[in-house]
Structures are given as structure tokens and as C-alpha cells.
Amino acid sequence: MKKQYIALIGIIVAVIVALLFFFKNGSTKYITKEITKGTITEYVEASGTIKPINTIAVGTQVSGTVAKIYVDYNSQVKKGQLLAELDPSLFQSNVDQSNAKLNNAQAAYSKALANLEYKKNNYKRYEHLYQKNYVSRDEVELARSNYLTAQADVNAARAEMNAQQATLKNNLTNLGYSKITSPVDGTVISRAVDVGQTVAASFNTPTLFEVAEDLTKMQIETSVSEADIGKIKVGQIVEYTLDGYPNEKFTGSVTQVRLASTTTNNVVTYTVIVSVDNSDGTAIPGMSANVSIITGQAKDVLVVDNKALKFSPAENTQKFENQGIWLLQDNEPVRYDVELGLSDDNKTQIISDKIKEKDKVIINAITKKKKKTNNNSMRRPF
């Protein structure tokens, strides 16, 4: 009987210890999700600005006062179409003066040619008379000198005539520059002058208009950080939204990854050009675009919630070299090594021959602790 009492007391002590441990540490409830198969798409997100593919700044190479303007914002223009005119009076006056000077130079040249012909014939006569001893050698030399001088006068007159022709050509060119024309077919997206305004082209060519060559084809200039630039390749599909159309999603493609970097506040970024179709005229130059560049896609693969990759049981103190996830098996967490594939904001592809669809992966755990009893309430009153 004594041994039975001792065994019974041992059992009671063991039960009490187990109950004390349970109520002290509480119970753990594991939150799980089923592993599923699906499609996972990896993105690189950035922001950028809608711009025309080719924008030409139309300026003037001469100074003057704007006399007429023939186009305005959003005007459709053709190559060679007149956009504006500067006051041509000064340029026309210079052309008229050049014409007059050229006429004088041409007359002087003709006169020099006639004089040369006379001096040449006179020199020949004196040579002939000298052979018959009718004139002295000095007279022959004087006639020859006059002939050579006449030749020099002809060369000088010809040079003056060429100079006046060049001046006339320059003034005619400036007169032509007073008419501002479009260099391409396109749309006027900016106008920087008004009638009566004076423009000066002394050092820099002032911009009067900006013409976008083709607004049916646009591009997004976006900045991508150096951490993500290695994933970007020409030809990748791009999804983007515009602030002006928050409920619509558009698509484009990467056409250029520029090698020149930009550093701002120690952050290095690279410019990526995304080509977009704007046949419907939705995109307007200057719009802000939120860009998602698709860098990879996997279909019909095992995926888990990203929370599962961060979970580890509280009682686990072991460190692992490889990435793993914890599955709930027989109400106990069991760890499996996995290889990670593509990932997005919510889920990640896993690769493992030991894990299958519908396995329950642990993403969190909640430990319930028993509330302490207030000992004062158990005291008996005196």
C-alpha cells in the first residue's frame, strides 16, 4: 500500500508540474496558409514623365521684332510651313544697299576690263614701234607698266565684285531668316513669343517655338536605381498608369537603357526609356507616369506568402545556412529547405521536391498565456 501511495503521489506531482508549465507558458496557435500554384510576375517599379520622342526647338538666327505669328499652341504644322515673321524692313534695306554696291562693283569691273584691253593694245603698239626704232625703250617699259597696272585693277575690281556678291548673299540669307518656318511635320507644344516682342540672337539662338514631331508615339523617361538596373533589358514589357487616368492601365516596352548615371543625395540612378503608343491621344507631354517594368514571369509554380519566409518558431534558436519555410505537420512546425525563385510584393516562388501543393505553411504564431489570479482576492477576511 505504501508503494501504491508513493506512485500515486508521483503521478499527481507530474500532472501538477505539467499543468503549471502549461499555464505558465500558455499554448501556441499556428496560423497557416496553403501552398498554391499560380503565376508570379516580378516587377521593377519607378516613376517618370511622358515626353515626345523628338522635340525640335525652333529659333531665329537674326535679331529683330516679331511682326506676325501664324500658329499657336497645339497647331498642327507641316515641314516648311511659316510659323512667324520678324520685321523685314532692316533686312530688306541691307539687301537693297548690297544690290547697289554690287552694281557699282560690276560697273567698275567692266571699266577695268575695258582699260586693260586698251593698255594691252597700247603696249603691243609700242613694242611694234620700238622694233622699227620709232620709240625709245623707256616708252615701251612705261606702256608695259601701264598694262600690268590695268591687270591689277581688273583683279581688284573682280575681288570687290565678289565681295559685294557675298554681302548680298548674306543679306538675302538674313532676309530669309526673318521668316520662321517649321523644320518638321508635327505639333506646336510651346510658343515663347508674342507680336511686337524683340528677339536678340547675339550669342544664343532664342527659342520661339517647340514642335513635337509625332505625338502618336511618345516615350517615358524614368529613373531606375542602381540596385535594379541590372534586371532591365531592352524589349521588356512595361505596365504604367497616368495620374490623369488613375483607373486605367497602359502598356509599353523598354527601348533604351542609358549608361550615363545621375547621383542625387548619394543615390545613383539610370535613365530608362519606355516607348508607348499614343494613337488615341491619351498621353500628354509632361504627364507623370508610374511605371512597372516586368523583369520576369513564372507560370504554374509553387508560391508562398512572403510572411512564410520570415517566420521562425519562438523556441527555435538554431541558425540555418539556406532559406527555408516551416510546415505544420501533426500540429508541430517542421522546417524544409527551399530554393527561391521570382518574387513580388505579396508572394514568392519556391522550388523544392519535398513540398507539394496544399501543404500548410506557417506564416505566424500566437501564444496564449493564462491570466494571473489576484492573490488578494483569495485571502479570507479577518
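What covers the buried residues of helix H3? Among the elements doing so are helix H2 (89-131) and strand E7 (179-181).

## The model

This is a predicted model, where local features need pLDDT of at least 70, side-chain atom pairs count only at pLDDT 80 or more, and totals for chains, interfaces and linings use all residues. Residues are numbered from 1 along each chain as its sequence is written, and side-chain values use heavy atoms, with hydrogens and water left out.

The protein has 3 helices and 20 strands, taken as DSSP runs numbered from the N terminus (helices H or I, at least four residues; strands E, at least two). Of its 382 residues, 32% are buried (under 20% relative accessible area, with exposed over 50% and partly exposed in between; 1.4 Å probe, protein chains only).

## Helix H3

H3 runs over residues 137-177, and its 41 residues reach 60 Å from first C-alpha to last, close to the 60 Å expected (1.5 Å times one less than the number of residues). Its buried residues include Val140, Ala143, Tyr147, Ala150 and Val154. An α-helix has 3.6 residues a turn, so residues three or four places apart point the same way.

Strand E13 (residues 245-264) pairs antiparallel with E12 over 5 bridges (pairing takes at least two DSSP bridges). The two form a hairpin with 2 residues between them, and Leu242 sits opposite Tyr245. E12 also runs antiparallel to E15 (residues 288-305), again with 5 bridges, and here Thr241 stands opposite Asn290.

Conventions
Contact = heavy atoms within 4.5 Å.
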